[in-house]
Amino acid sequence: MNRTSGRILSGISVPDTPLVEQALVYARRESEPYLFNHVVRSWLFAARIGQLRNIDYDAEVVALGTLLHDITLNERFDGPRRFEVEGADLARIFARQRGVDQRRAQLIWDSVALNSIPSIGLYKEAEVALCTAGICLDVVGLQYELIPAAEIARIVEEFPRLDMKRRMTGCFSHIAEARPETTYDNFVRDFGERYVAGYRIPSSVDLVSNAPFEE
């Protein structure tokens, strides 16, 4: 873990640097309160998992990856690419403009772009894996048992969920309706199929069968 000045937030030790503070300000400005609380909880969960597992990681990268991972998740989203990629680009620009080197900025990009794909993200670099773990724990309870229940309760008490399930469902449904082409190969498809009238996905079977090659 990189040695940065730290502070205790909801009982969890996290870095307290100008870069992290600027990311907090940016996330708060761009996010609705429920979503800001979500990204902070994701950060705290990621940091705590890293501590419990004694993982060596870049704490500023994990902070930015979690705090900025949903910067484009709102009902104003209009693409043109899937919201995680749009958000990853914004997070990388934010980091590079503040002097973060290319390698660390790319880790932040990967953390944001892969945050909803644990089948990949959990097997990448420690920073990406921790961001994925913290985010997925808060959204779907993945690996919920890793953190003691009392610690989770304290984090949720200080950063309450504020009807997150319903609010997030609304955002995903909006994306499926407004930009369906960005959802066919990812989890937002499930929200389109359940909540958006007329939503139809192309079949991967047809895509393979119709590839423009002679066999």
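**Figure 1. A salt bridge between K124 and E125 in the predicted model.** K124 is partly exposed, with a relative accessible area of 30%. The structure shown is a predicted model. The side chain of K124 meets that of E125 in a salt bridge, with a distance of 3.5 Å from N to O. E125 is also partly exposed, and its relative accessible area is 36%.

Figure 2. The structure holds 18 salt bridges. In one of them, the side chains of E181 and R179 meet at 3.0 Å, N to O. E181 is partly exposed, at 42% relative accessibility. R179 is partly exposed as well, with a relative accessible area of 22%.

**Figure 3. Helix 7 and its surroundings.** Helix 7 covers residues 126-140, which makes 15 residues. From its first C-alpha to its last, helix 7 reaches 21 Å, close to the 21 Å expected at 1.5 Å a residue. Of its 15 residues, 12 are buried, so helix 7 is largely enclosed by the rest of the structure. Among the buried residues are E127, V128, L130, C131, I135, L137 and D138. The elements that the buried residues of helix 7 pack against are helix 2 (33-52), helix 3 (59-67), helix 5 (102-113), helix 6 (118-121) and helix 9 (164-178). Just after helix 7 comes G141, which takes a positive phi of about 80 degrees.

**Figure 4. Helix 3 and the elements that cover it.** Nine of the nine residues of helix 3 are buried, so this helix is largely enclosed by the rest of the structure. The buried residues are A59, E60, V61, V62, A63, L64, G65, T66 and L67. The cover over them includes strand 2 (12-15) and helix 1 (18-30). Helix 2, helix 4, helix 5 and helix 7 also belong to this cover.

**Figure 5. Helix 4 packed against helix 5.** Two packed helices are described by the angle between their axes and the distance between the axes. The axes of helix 4 (residues 83-97) and helix 5 come within 8 Å and cross at roughly 155 degrees. Angles over 145 degrees count as roughly antiparallel, and helix 4 and helix 5 are therefore roughly antiparallel to each other. Their crossing is right-handed. On the side of helix 4, the residues that meet helix 5 include E84, V85, A88, D89, R92 and R96. On the side of helix 5, the residues in this contact include Q102, Q106, W109 and V112.

**Figure 6. Helix 2 packed against helix 9.** The axes of helix 2 and helix 9 are 10 Å apart, and the two helices pack at an angle of about 105 degrees. Helix 2 and helix 9 are therefore roughly perpendicular to each other. Helix 2 brings Y34, L35, H38 and R41 to the contact, where they meet M164, R167, M168 and C171 in helix 9.

Terms used. Residues numbered from 1 in each chain as written. Predicted model: local features only at pLDDT ≥ 70, side-chain atom pairs only at ≥ 80, totals over all residues. Heavy atoms only, no water. Helix = DSSP H or I, 4+ residues; strand = E, 2+ residues; numbered from the N terminus. Expected span 1.5 Å × (residues − 1). Buried < 20%, exposed > 50% of the residue type's maximum accessible area, 1.4 Å probe, protein only. Contact = heavy atoms within 4.5 Å. Salt bridge = Lys/Arg side-chain N within 4 Å of Asp/Glu carboxyl O. Axes fitted to C-alpha atoms, helices over the stretch in contact; angles between N-to-C directions. Parallel < 35°, antiparallel > 145°, perpendicular 65-115°, else oblique. Left-handed = near helix turned anticlockwise from the far one by under 90°.
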